[in-house]
Amino acid sequence: MLTAHLGRLGISASQHVVCTKRSLAWAMRHMQVANASSIEYRPIKSILVANRGEIAIRVFRACTELGIRSVAVYSEQDKMHMHRQKADESYLIGKGLPPVEAYLSIPEIIRVAKENNVDAIHPGYGFLSERSDFAQACLDNGLSFIGPSPEVVRKMGDKVAARQTAIKAGVQVVPGTDHPIVSPEEAHDFCVKYGLPVMLKAAYGGGGRGMRVVRELGEVKESFTLASREAEAAFGNGAMFIEKFIENPRHIELQVLGDRAGNVVHLFERDCSVQRRHQKLVEVAPAPNLDQRVREAMAADAVKLCKSVGYENAGTVEFLLDNQGNYYFIEVNARLQVEHTVTEEITGIDLVQSQIRISEGMTLPELGMSQENITAQGCAIQCRVTTEDPAKSFRPDTGRLEVFRSGEGMGIRLDGASAFAGAIISPYYDSLLVKVISRASDLHASAAKMNRSLREFRIRGVKTNIPFLLNVLENQKFLNGTIDTTFIDEHPQLFQFAPSQNRAQKLLNYLGNVLVNGPMTPLATGLQPADVQPMVPEVPSAVEPPRGFRDILLAEGPEGFAKAVRNHKGLLLMDTTFRDAHQSLLATRVRTHDLLKISPFVAHNFNNLYSLENWGGATFDVALRFLHECPWERLERMRALMPNIPFQMLLRGANGVGYTSYPDNAVYKFCDLSVKAGMDIFRVFDSLNYLPNLLLGVDAVGKAGGVVEAAISYSGDISDPSKTKYTLDYYLNLADELVRAGTHVLCIKDMAGLLKPRAAKMLISALRDRHPDCAYAGADAVDVAVDSMSGMTSQPSMGAVVASLMGDELDTGMNLGDISQYSAYWEQARTLYAPFECAVTMKSGNADVYLNEIPGGQYTNLQFQAYSLGLGDQFEAVKKAYREANLLMGDLIKVTPSSKVVGDLAQFMVQNKLSAADVEANAENLSFPKSVIEFFQGYLGEPYGGFPEPLRSKILKGLPTVDGRPGESMAPMNFQDMKTKLVEEHGPRISDYDVLSSAMYPQVTDEYLRFREKYGPVDKLDTRIFLTGPKVGEEFEVEIEKGKTLHIKTLAMAEDLTPNGEREVFFELNGQLRSVMVRDQTAVKELHIHPKVNASIKGQVGAPMPGTVIDIKVKEGDEVKKGASMVVLSAMKMEMVVQSPCDGVVESIAVTKDMKLEGDDLVLTVTPK
């Protein structure tokens, strides 16, 4: 039958087969109107889209469905863009032109169309879509323009002419200018005459570009200039239109279609009130909670207005609706809109195909579109996912999409172009990445689908606005459909969101950096970590560990705990394997990863330990500085695995866990938070045995509810009558004060192993006689380390102590077989830390400790420091200088941080070839290490016997000194202010733990937080891979949290460098190809790379977004006020003003006009006043 119909129309069956859809449409057209219409029907066989991105692809898809050849054009900057690959053909335009101008070049586009036998041009939206001269140029060159006639485009594209047309048609308008204005002076005059507020709008474009609300007369001219520039860049014409600003309106727009026969229909309305900078972010169709009478009247006015001008093709009539139900015409967008998708979803009408059909000459009735049979079903929402950072005022972000995974499924439509892994998001065009459209029965159901879809997205490499969109979708006012255009401004909570953790990609970036640039934790020796997986002994599954001393502590408190220790018959052991042992042998470098593996075994087999030492100052410093992990998280995670054993830490009295003095409230807060995190016993000491510092620590621990184990730091030799500084009476008097202050356990802290057997018997016997009710660590309990982590500068062997006491009244009750398994694990694990192994340079213990008195924990650290300073072959001289430095400073108690002061002075002396006599003679002319100066100022407290004079005065050279306990005179820390500042600098994930870490180690914590944000949870990596990276071809797993495991395979590293000095490193992550770009730090030294802003240098100002410098408003030497405009950048058709961060003087300018910048490139430096 169809063949017969075609024959009557002069079409052969063979012709029909060539393009079934087009021939059938042509035939249907003739069957319907061959003798009933004078409108010429001209079938379109090829369409060029004069646009880019997702709208170009949207039109190409319609062309494919209609059997039409599609042609793309692209700028030089878009040569790798997806839209040109989606077309049947693609051609370069605007060679040598700036990115936007290429798409605004009418002659270029017409040339490509004519050279390639194109029938019609679709303008998309933006660029030339509302330029009547472009529409006319198409017609003049025999090309169909898929849109309204040039005259209608002119009338409707000119907002002033559109207003006049609306007034003539009897449609209410907002008061405004009656012609386009081109100068700031005209704008100022209008505002003086008609008052404020006003809206500045681009006269020849839309989409939010070139729009500003002005409320102050003094801002009119500057706002006009900025808006006009944006309009010029986006639409090729900077003329502006001004109208009165309607407060708190809804933005409602009507979709219309018209044909050449004068028919016009509406396809219902869309609510576009969720806007930022007058640019729509979320659109809903139909508009929720819209009064039906208003809906019908608005639709009637839209149709009436379009009929009055003979509107043809697709268009949008936009209104503002106030809270009284009054609506005002604002403009007609004589083109397809970005949000046309939601109309398509609720009506089932393909607007792009309809545009093409109408351009061919078909009428709305022929397309089956009469007003009565166009219905709206359900609710559709469109969210524009953009590459903008909502946490930074929606600053556009650019770069490479390292990961792209979309959220799909029932009721979800995706319209995009650049959304694929490896895509480059450039600064030259709009930041739209993908449009997500949901459709369901009502607003709530549609929002739920959209929410689910957005949560499924995984986008890495650039920031997106997805967290913000999710907040919008979950806002009750949005879900109730009661929003207006002030919705975003009036709901600051929309900007309160936890940023994506992005852990997997951050870890790949870390691994890539290690592979390209080498270890990110400095290695102390040339040895490499062993390629082993330490064997973890088995423990019973789903069985609670047996009761231990911590259960007594929790039930009976610190006093009950101390009593239980005192009444215990055997010798108790304090295991230092988890801290001091590896501080002594492996420079404190053992990671949480390896500590946690063995923790369950310890809990099940060593429940009768007095305590397990796992925290201290070195732990904090090294964990944050070198291991890039949080010591508080280490404590919490160990506590979860070992709930039955008391944990013990070293507390440096008033010095907390740092190397200096702190305000008293910092120490109290630290102790309180430590107990809450799982700490039990605090070995409180002071590096000088300075009683006021000790007493503060004792009080802070007691108030926090911890066990006070007050430590007497031992030095000298009480059994040697010739040594008269640190006598037996000195230690007994100190013990009296500590017991009186509330000590639960007394401890003798012998850091350097100086306490000889005779002296130990004298001291412990005297303490027992004086304080019979106090428990004694060192008598009731002793420090040990598991066998493979003992000896040298570490503690005695656990196995040896246990074996030697078997059958004795002091029998520990521990099983040697368990100790053997425990030791075997650490024997293997220790090989992972070969780069820090003390045995590389130290093969045995050394009796010279009785001369130099170097603490065991410091010995290996001092050795590594000597090597790093180039003094490795002079370590014997360093040890000798240590003894001399100690005597110069008055023979100190040497415990961290006082031992560090002595060590710093010793290395200073060796490095500068100074004897003790040289130091004394030339102290006034020497520049001493900072730690030495602060010691003599009194920041660690007062040493027993006072400071040596005249050396102190010579070194200080008149610097102020601290009398008494330093922390006593320091202003309290404001922890809330500190947290606020940390959140501002590092984001909302800041915890109270981070605040206390910052209180103790401000700079180190700042660096750690930056590292964590950039590289993620590196503490979850195996140790060998963390230190030196994986091998190419190696497969491994990373458990980032319970139930979430990453499967990673290292594939390759590119040999060639990018122009920015980067190398691409390839991985397979969970079976999917991933790659990261890593700057080669060695190679970039030979390239000229623009410097990045250094956040730690106050006054440096970076580019807030990638872009081009279009104006520099200051010069070097200018004085500027905080907030003053200094440089103007342009990117993605938006301008951004770089402002001064403070009052100051412009020290240097690192940019020039027209320079292209990346985000955070250094712009200028302001010296603060």
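Let's start with helix α36 (residues 930–937), where Ser 931, Val 932, Phe 935, Phe 936 and Gln 937 are buried. Buried here means under 20% relative accessible area, with exposed being over 50% and partly exposed in between (1.4 Å probe, protein chains only). Helices (H or I, at least four residues) and strands (E, at least two) are DSSP runs, numbered from the N terminus. The cover over the buried residues of α36 includes α34 (898–911) and α37 (951–956). Just after α36, Gly 938 adopts a positive phi of about 105°.

A word on the model itself. This is a predicted model, in which local features need pLDDT of at least 70 and side-chain atom pairs count only at pLDDT 80 or more, while totals for chains, interfaces and linings use all residues. Residues are numbered from 1 along each chain as its sequence is written, and side-chain values use heavy atoms, with hydrogens and water left out.

**The whole chain**

The protein chain has 41 helices and 42 strands. Its C-alpha trace spans about 130 × 65 × 60 Å along the principal axes. Of the 1169 residues in the protein chain, 59% are buried. A contact means heavy atoms within 4.5 Å. Among contacts in the protein chain with a separation of 6 or more, 69% are between residues 24 or more positions apart.

Two packed helices are described by the angle between their axes and the distance between the axes. Here, axes are lines fitted to C-alpha atoms, for helices over the stretch in contact, and angles run from 0 to 180 degrees between N-to-C directions.

| Helix pair | Angle | Axis distance |
|---|---|---|
| α7 (106–115) and α8 (132–140) | about 25° | 11 Å |
| α22 (592–605) and α24 (631–641) | roughly 25° | within 8 Å |
| α8 and α9 (150–157) | roughly 175° | within 8 Å |

Angles under 35 degrees count as roughly parallel, over 145 as roughly antiparallel, 65 to 115 as roughly perpendicular and the rest as oblique. Helices α7 and α8 pack at about 25°, which makes α7 roughly parallel to α8. Helix α7 passes α8 in a right-handed crossing; a crossing is right-handed if the near helix is turned clockwise from the far one by less than a right angle, and left-handed if anticlockwise. On the α7 side the contact is made by Ile 106, Ile 109 and Ile 110, and on the α8 side by Asp 133, Phe 134, Ala 137 and Cys 138. These residues divide into six nonpolar, no polar and one charged. In this scheme Ala, Val, Leu, Ile, Met, Phe, Trp, Tyr, Cys and Pro count as nonpolar, Asp, Glu, Lys and Arg as charged, and the others, Gly among them, as polar.

Helix α8 also packs with α9, their axes crossing at roughly 175°, and that makes α8 roughly antiparallel to α9. Here Ser 132, Ala 135, Gln 136 and Leu 139 of α8 meet Pro 150, Val 153 and Arg 154 of α9. By class, that contact has four nonpolar, two polar and one charged residue.

Further along, α22 and α24 are roughly parallel to each other, and their crossing is right-handed. Thr 592, Leu 595, Leu 596, Ser 599, Pro 600 and Ala 603 in α22 meet Arg 634, Arg 637, Met 638 and Leu 641 in α24. The contact of α22 with α24 has six nonpolar, two polar and two charged residues.

**Sheets and strand pairs**

Two strands pair if DSSP finds at least two bridges between them.

Another open sheet has three strands in the order β7-β6-β8, with antiparallel pairing. Strands β7 (212–214) and β8 (240–244) stand at the edges with a single partner strand each, so one side of each is left without a neighbour in the sheet. The twist averages 25° from one strand to the next. Strands β6 (198–202) and β7 pair over three bridges, with Leu 200 opposite Arg 212 in β7. Helix α12 (220–235) packs on this sheet, touching β6, β7 and β8, and its direction makes about 170° with that of β7.

Toward the end of the numbering, β40 (1144–1149) pairs with β37 (1119–1120) in the antiparallel sense over two bridges. Val 1120 has Gly 1144 in β40 as its bridge partner. Strand β40 also pairs with β42 (1162–1168), antiparallel over five bridges, and there Val 1145 has Thr 1167 as its bridge partner.
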